Amino acid sequence: MNIRATIRRGLLVGLVVLFIFVLGVTTLTGSIVQGWFKLDSGAAGAWLLLCGLALWNGATTVRRAACHSWKAALWNGLLAGAVPGLVVAAYTLATGALIAAGAPLREWLVQLTPEAIGLLTLGRPPLAAAGLLWAALAAAGLVGGLLGEWGARRHWGESIRRRGQAGRAAIVALPVVQKSVAFKYTRYILIGVGVVLLVIAPLFLGQYWTYTLGLVGIYVILGVGLNVVVGLAGLLDLGYVAFFAIGAYTVALLTAPTPHGIMMSFWLALPIGVALAATAGVLLGIPVLRMRGDYLAIVTLGFGEIIRILSTSDVLTTFTGGPRGVRNVGSPTLLGLDLSNYFYHLILLAIVLVVVLSTRLQNSRVGRAWMAMRDDEDVAQAMGIHVLKYKLLAFAIGASFAGLGGVLFASRNLFTGPDDHILLVSINVLCLVIVGGMGSIPGVVLGALVLKGLPEVLRELKDYRMLAFGTLLVVMMILRPEGLWPSKRRSLELRADDEAAAKPQPPTGAGP
Amino acid sequence: MNILESQQVTKRFGGLTAVSKVDLEVPERSILSIIGPNGAGKTTFFNCVTGFYRAEEGSLYFDGTRLNDLRPDEIAARGISRTYQNIRLFHAMTALENILVGQHPNLRAGLCEALFRWLPAAPKSGRARRLEAAALGAALLLFAAIPVLVIAGLLEKTALFRAALIPLGLAALVGIPLWVLGTVHLVRWNLQAPSPGRAALSAGLFVVLSGTLHPLLYIVGSRLHAHEEQAAFTAGEEEGAALREATRLLNFVGLTGKGDWLARNLPYGDQRRLEIARALASNPKLLLLDEPTAGMNPAETEEMIHFIRRLRDELGMTILLIEHDMRVVMGISDWVVVLDYGVKICEGTPGQVQCNPRVIEAYLGKKGVAA
């Protein structure tokens with residue numbers, strides 16, 4: 001019943017609509033709808049999008065307000081449609097008038113083509129078009145409000161939830177499910193099936209998707225490494241790409257015919273690359289780890305840029321190949337078999353390795369020391385943890401994983417150059433750790449799939465894919481700030497029965 | 001016998017002298033309270049003892065070792081443990097994990113043991129650990145240098161060949177003494193309890209690992225030796241024992257069944273108790289409690305007094321206490337020290353301190369004495 005809140009919400013929705021319009025999403029939906037239904041103009045799609053938004057706003061506003069009366073629902077819905085309608089109408093009027101007057105609006109707003117305006121005005125004069133838009137949005141909001149009220153009266157939300165619960169309960173109650181939950185090895189069998197599926201995936205995925213999945217895999221390796229540094233030890237490292245670059249350049253320079261012509265075997269270059277990256281991690285760590293939080297982030301950021309700039313610099317051109325990078329990086333061979341077609345499986349193997357290593361570390365004295373440092377460094381030190389040593393260790397482990405990723409990346413692409421090691425890689429890896437859920441390994445895998453896989457899926461949206469992707473990220477972080485798959489603490493406490501076995505004392509008040 | 005001695009300890013922050021020339025002697029198995037008005041320097045003194053602050057003047061001795069130049073973690077490893085005035089748990093970790101972190105100085109598992117749980121637990125002495133690190137480094141150098149040498153030979157690159165000789169030489173230099181040490185370890189291990197199986201095993205190890213001056217021989221030899229000596233554990237067993245000990249402590253402080261709760265979700269009183277359990281986990285000789293009953297109701301305070309006394313009587317710990325609640329102080333202290341503006345103004349048994357005019361003055365002001 002709160003009119004003021006409704007208006008505020010309406011204004012917000014109006015601004016969101018303006019934003020997506022300015023960035024060209026309306027044009028996009030217009031053309032998609034046009035393509036699907038073979039219409040001659042995209043206007044229907046754009047209007048559908050706008051009206052849909054108004055409808056949704058009306059429904060949710062009414063449901064939030066919980067007004068329980070048809071009259072209030074009517075008014076709230078009307079307002080919920082009319083307020084954003086007013087914003088959009090004003091915008092249409094203004095741009096229409098300005099363009100008619102010959103103002104060069106497109107210089108600032110690239111997406112503001114005459115077609116984009118035409119989608120809204122339908123070729124009518126600005127004033128008439130604005131009025132029409134307003135009326136349409138208000139009507140949509142009204143309908144949405146009434147729908148929302150109707151839904152609230154029939155308890156739609158409730159019944160859907162109840163049905164979902166009933167369905168889940170029915171599935172759990174199935175004898176098959178019950179038995180398999182009770183069966184000890186179900187988990188391992190499921191993991192085994194998953195692994196087999198992953199291994200044979202290239203057979204039915206085709207080359208392109210296998211390649212993409214390989215890229216996702218490399219990001220999983222990087223993510224698991226950064227997860228140790230950021231998620232467990234709580235050290236914000238923005239120069240993570242430096243270690244990736246060191247791994248990539250090591251394998252490239254050691255195995256490529258130019259510039260050095262060492263032409264070492266890939267298998268020898270691999271451990272050297274990993275070891276060099278880890279060493280770089282420690283060397284960087286020694287001076288910077290006394291810093292905390294933001295300062296550490298800035299210094300590591302600088303370090304990442306230094307490595308990239310060094311690789312492009314003229315002085316080192318003879319050593320690193322300069323801006324043109326290193327070509328013909330060696331591929332792994334095994335017993336005369338060229339493994340470059342099986343890189344996907346190699347990456348899979350590396351993922352298994354890093355995941356096992358990092359879970360082991362996480363659930364050990366070392367992992368606990370890291371987590372304690374992350375939560376409260378001073379107290380951790382007072383508990384006997386040598387903070388500097390464990391920070392260095394975290395840096396070295398994270399860097400060696402990044403080095404491994406870099407080695408695989410350079411060898412898979414047969415090339416590495418400065419452009420592979422830009423700041424964006426660090427940011428992407430950090431994003432996937434945060435999106436997945438800090439400190440959680442399944443989260444990292446999911447995050448990599450979402451961050452590196454989703455843009456490929458969104459390729460349908462052409463120019464707008466990064467925009468849509470960004471929006472999805474923002475929405476996701478608002479809805480699930482703890483990440484897609486937040487880390488869950490293992491349950492460690494010995495229950496009454498374990499305890500009774502440990503010592504012959506009657507347990508007191510053990511949990512259920 | 002005094003377990004902690006402070007001689008003329010002074011700590012300044014700029015112009016402010018927070019702790020000024022404090023002498024303190026804490027006898028073993030005693031409960032000693034430090035009291036004083038707010039800002040008297042009690043917590044600062046604690047911070048000097050635990051190494052969080054470095055005292056500018058004076059010395060602190062714990063069990064005969066000077067603490068002044070040690071890092072906080074080294075001090076903790078020597079057997080001093082503390083709690084905080086405002087509870088400082090590791091909030092994103094479970095109760096049990098908090099206690100496990102507290103056990104950190106007593107556990108030995110490092111990187112290798114975390115990765116390979118079947119490894120014999122690492123030796124505790126710093127010297128042995130350093131030697132192992134050297135052995136590992138030498139082995140890595142060997143691993144890296146030999147293939148480079150071979151490849152350089154194949155490609156006829158003399159410069160690379162010479163470069164690879166350097167790490168090889170270094171590895172040999174470090175490796176030879178380690179090889180001798182490793183052999184000694186194997187022989188000693190056999191002499192302790194000779195058996196044909198052991199002899200066969202060590203002979204096999206010797207043949208396999210000493211083929212190329214292998215520094216790894218030292219690691220394996222010392223681990224086998226250490227394994228026997230400490231009659232203990234693989235890393236996995238150590239972890240299991242740590243978990244049992246943590247559960248025992250959890251029960252000891254009355255948090256049974258809450259081990260898997262995140263620390264931040266525990267009620268206030270439980271958080272206090274968990275903090276004490278975490279401090280106890282390192283099995284300290286000296287426990288510093290900073291206002292353990294702050295924010296507790298009378299019943300809980302009573303329970304805490306009882307609990308602290310149990311720590312001393314049952315576990316034989318020495319307890320240094322900061323407390324504002326006079327019932328607690330007078331109830332359990334063997335000795336009370338009063339600080340005011342960083343200066344020790346008086347000390348004595350609870351009864352003596354209670355009647356001391358300077359103490360009353362510090363708490364109530366000059367008029368309080370006059371009245």
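Modeller: What follows takes up the labels one at a time, for a model that is predicted.

Colleague: What makes up the secondary structure of chain A?

Modeller: Chain A has 21 helices and four strands. Of its 512 residues, 44% are buried. Among contacts in chain A with a separation of 6 or more, 76% are between residues 24 or more positions apart.

Colleague: Which domains does chain A have, and how far apart do their centres lie?

Modeller: The assignment gives domain 1 as 3-164 and domain 2 as 207-479. The C-alpha centres of domain 1 and domain 2 of chain A are 43 Å apart.

Colleague: How do you know that the length of helix H14 of chain A agrees with its number of residues?

Modeller: Helix H14 of chain A covers residues 343-362, which is 20 residues, and at 1.5 Å a residue it should span 28 Å. The expected span is 1.5 Å times one less than the number of residues. The end C-alpha atoms of H14(A) are 28 Å apart, so the two values agree.

Colleague: Which residues of H14(A) are buried, and why are they said to line one face of the helix?

Modeller: The buried residues are A:Phe343, A:Leu346, A:Ile347, A:Ala350, A:Ile351, A:Val354, A:Ser358, A:Leu361 and A:Gln362. Seen down the axis of H14(A), they fall within an arc of 140°, and therefore they line one face. The face turned away from the buried side carries the exposed residues A:Val352 and A:Val356.

Colleague: What do the buried residues of H14(A) pack against?

Modeller: In chain A they pack against helices H9 (186-232), H15 (365-375), H17 (387-413) and H19 (441-457), and in chain B against H4.

Colleague: How many residues are in contact between chain B and chain A, and which elements of chain B take part?

Modeller: In chain B, 39 residues are in contact with 36 residues of chain A. The elements of chain B that give two or more residues to this side are H2 (72-77), H3 (95-102), H4 (111-115), H5 (126-155) and H9 (235-252). H3(B) gives the most, with five residues. By class, the side of chain B that touches chain A has 21 nonpolar, twelve polar and six charged residues.

Colleague: What makes strands E1 and E4 of chain B a pair?

Modeller: Pairing requires at least two bridges. Strand E1 (residues 2-13) and strand E4 (residues 57-62) of chain B are joined by five bridges in the antiparallel sense, so they count as a pair. B:Ser6 stands opposite B:Leu60 in E4(B).

Colleague: How many bridges join E4(B) to strand E5 of chain B?

Modeller: Two bridges join E4(B) to E5(B) (residues 65-66), and these strands run antiparallel. That count meets the requirement of at least two, so they pair as well. B:Phe62 stands opposite B:Thr65 in E5(B). The hairpin of E4(B) and E5(B) has two residues between the strands, and B:Asp63 takes a positive phi near 55° there.

Colleague: Why is B:Val343 called partly exposed?

Modeller: B:Val343 has 16 other C-beta atoms within 10 Å. A residue is buried at 20 or more and exposed at 12 or fewer, so a count in between is called partly exposed. B:Val343 is in strand E10 (residues 343-348) of chain B.

Definitions and conventions
Residues are numbered from 1 along each chain as its sequence is written. Chains are lettered from A and ligands numbered from 1 in the order in which they are written. This is a predicted model: local features need pLDDT of at least 70, side-chain atom pairs count only at pLDDT 80 or more; totals for chains, interfaces and linings use all residues. Two residues are in contact if their C-beta atoms, placed from the backbone, lie within 7 Å. Domain bounds come from an automatic or database domain assignment. Ala, Val, Leu, Ile, Met, Phe, Trp, Tyr, Cys and Pro count as nonpolar, Asp, Glu, Lys and Arg as charged, and the others, Gly among them, as polar. The arc is that of the directions from the helix axis to the C-beta atoms.
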